[in-house]
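Let's take a walk through this structure together, one piece at a time. Keep the sequence and the 3D view open while you read.

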Amino acid sequence: MRKRTWGFIASGLLVSLLLAGVVSGFASADPDGLESALREGCTVDAEGAVTGGDCPAQREQEHEIGGPLADYGVTGIADDALATGLSGVVGVLLTFALAGGGFWLVRRRAGQQTTGDGDGAAQPTSAAGVG
Amino acid sequence: MEHLAMHISNGIIDGPVAAIFAVIALAAMALCVQRGRQHLDDRLAPMAGLVAAFIFAVQMINFPIFTAGISGHLLGGALAALLVGPWVGALCVAVVLTVQALVFGDGGVAMLGLNITNLAIIGTAAAYLLIVALLRVLPRTPAGLAVTAFVSALVSVVAAAMGFVLQYQLGGAVDLGDNIAGLAGTIAGTHLLIGIGEGLITAMTVLTVAKTRPDLVYALRARGPVASTPIPAVGGAR
């Protein structure tokens, strides 16, 4: 049973890595529903940059951190599909490690008594809450 | 190809409103840890990690929505609620958003509470309420599960988008006045189309898991929303 579950997890992780690492290169580059609504009233050039008009998107400010993987790229790698795929692979592994690790740490251990609604036994650590 | 940010960026909603929603999000996530913990056993914990990783991956794949120049992508609330339940599911989406804000510069760190409120809390809650209702009335067949997944995913996307409209009304950077209705209409329209994509991806994924490992689908488990009924025979499940 346990072995089968870990086999399923491994297959799912492989699918996720292929989606983030390879299929992501074929994703639409158009702005999503939120971004496009915030650009209503503005003109946008071929590169996707706001050039004029009046819209909420003009108020967008710099991100606090940025970092080498900002915007799902990799600093120093010019090939867009490669950079997106690499950052996607890092993101999948990081998300799995943080979420899986966090959930594993707060899980109900075998034989552990929980009260009816589980409130009594819950002692969540602050770190586990938002990864 | 510039890969665009897909969550609320800094500067779009003012600081005080963002701070209020950060407090709301933090309190809700603490409750989710407390309530979700009773479901998190040796089997669900790694599954929940996988669900978070899968949502991160699929969110990267923007799809066209048959409206020129606009794309959509998975939000994941319905998928998470179906596979690991509402409490753990909301935490999965929150972890994805946190990783995206801290490591990928997607969604301002100051805006994280707003994004978690919309996608992790409203999206997952709306989906779960529908999942419970639909699983009660629909036949317990693969088709019934698919319809449940499709409808709950579609509605959850529109609900999450309306969460943003509310936040924008409370603290939007540009005072739109009466045009807030226009923004609401635009966002509702595009997210209805995005919701169709979300519904298809969610239904396809849940049916695939239900066929191979029905015991790993929270919504089909005895401890899930529809207690006392046995796991339905989905496809070739043993």
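Helices (H or I, at least four residues) and strands (E, at least two) are DSSP runs, numbered from the N terminus.

A word on where this comes from. This is a predicted model, in which local features need pLDDT of at least 70, side-chain atom pairs count only at pLDDT 80 or more, and totals for chains, interfaces and linings use all residues. Residues are numbered from 1 along each chain as its sequence is written, while chains are lettered from A and ligands numbered from 1 in the order in which they are written.

Now for chain A. Its 4 helices and 2 strands come in the order α-α-β-β-α-α along the sequence. A residue is called buried if 20 or more other C-beta atoms lie within 10 Å of its own, exposed if 12 or fewer, and partly exposed in between, with C-beta atoms placed from the backbone. By that count, 33% of the 131 residues of chain A are buried. Two residues are in contact if their C-beta atoms, placed from the backbone, lie within 7 Å. Among the contacts in chain A with a separation of 6 or more, 30% join residues 24 or more positions apart.

How do the two chains meet? The contact takes 67 residues from chain A and 69 residues from chain B. On the side of chain B that touches chain A, α2(B) gives the most, with 12 residues. To sort residues by class, Ala, Val, Leu, Ile, Met, Phe, Trp, Tyr, Cys and Pro count as nonpolar, Asp, Glu, Lys and Arg as charged, and the others, Gly among them, as polar. That side of chain B then has 43 nonpolar, 19 polar and 7 charged residues.

Helix α3 (residues 80–106) of chain A packs against helix α4 (residues 86–103) of chain B at an angle of about 130 degrees, with the axes 10 Å apart. The pair α3(A) and α4(B) is therefore oblique. From α3(A), Gly91(A), Leu94(A), Thr95(A), Leu98(A) and Ala99(A) meet Cys92(B), Val95(B), Val96(B), Val99(B) and Val103(B) of α4(B). By class, this contact of α3(A) with α4(B) has 8 nonpolar, 2 polar and no charged residues.

Helix α4(B) has another partner, inside chain B. The axes of helix α3 (residues 77–84) of chain B and α4(B) come within 7 Å and cross at roughly 140 degrees, so α3(B) and α4(B) are oblique to each other too. Gly77(B), Ala80(B), Ala81(B) and Val84(B) make the contact from α3(B), and Pro86(B), Val88(B), Gly89(B), Cys92(B) and Val93(B) make it from α4(B).

Next, look inside. A nonpolar core is a set of buried Ala, Val, Leu, Ile, Met, Phe, Trp, Tyr and Cys residues joined through C-beta atoms within 7 Å. The largest one has 112 residues, and those with the most contacts inside it include Leu82(B) and Cys92(B). Its largest share, 16 residues, comes from helix α6 (residues 142–171) of chain B.

Leu82(B) touches residues including Ile131(B), Ala149(B) and Val206(B). Val206(B) is found in helix α7 of chain B, and it counts as buried because it has 25 C-beta neighbours inside 10 Å. Gly123(B), in helix α5 (residues 112–137) of chain B, is buried as well, with 32 other C-beta atoms within 10 Å.

Finally, check two backbone spots. Most residues other than glycine have a negative phi. Asp71(A), in the loop between β2 (50–53) and α3 of chain A, has a positive phi near 60 degrees. Phe66(B), in the loop between β1 and β2 of chain B, has a positive phi of about 65 degrees. Asp71(A) is partly exposed, with 17 other C-beta atoms within 10 Å, whereas Phe66(B) counts as exposed, with 9 C-beta neighbours inside 10 Å.

Terms used. Axes fitted to C-alpha atoms, helices over the stretch in contact; angles between N-to-C directions. Parallel < 35°, antiparallel > 145°, perpendicular 65-115°, else oblique. Lists of a residue's contacts leave out its neighbours within four places in sequence.
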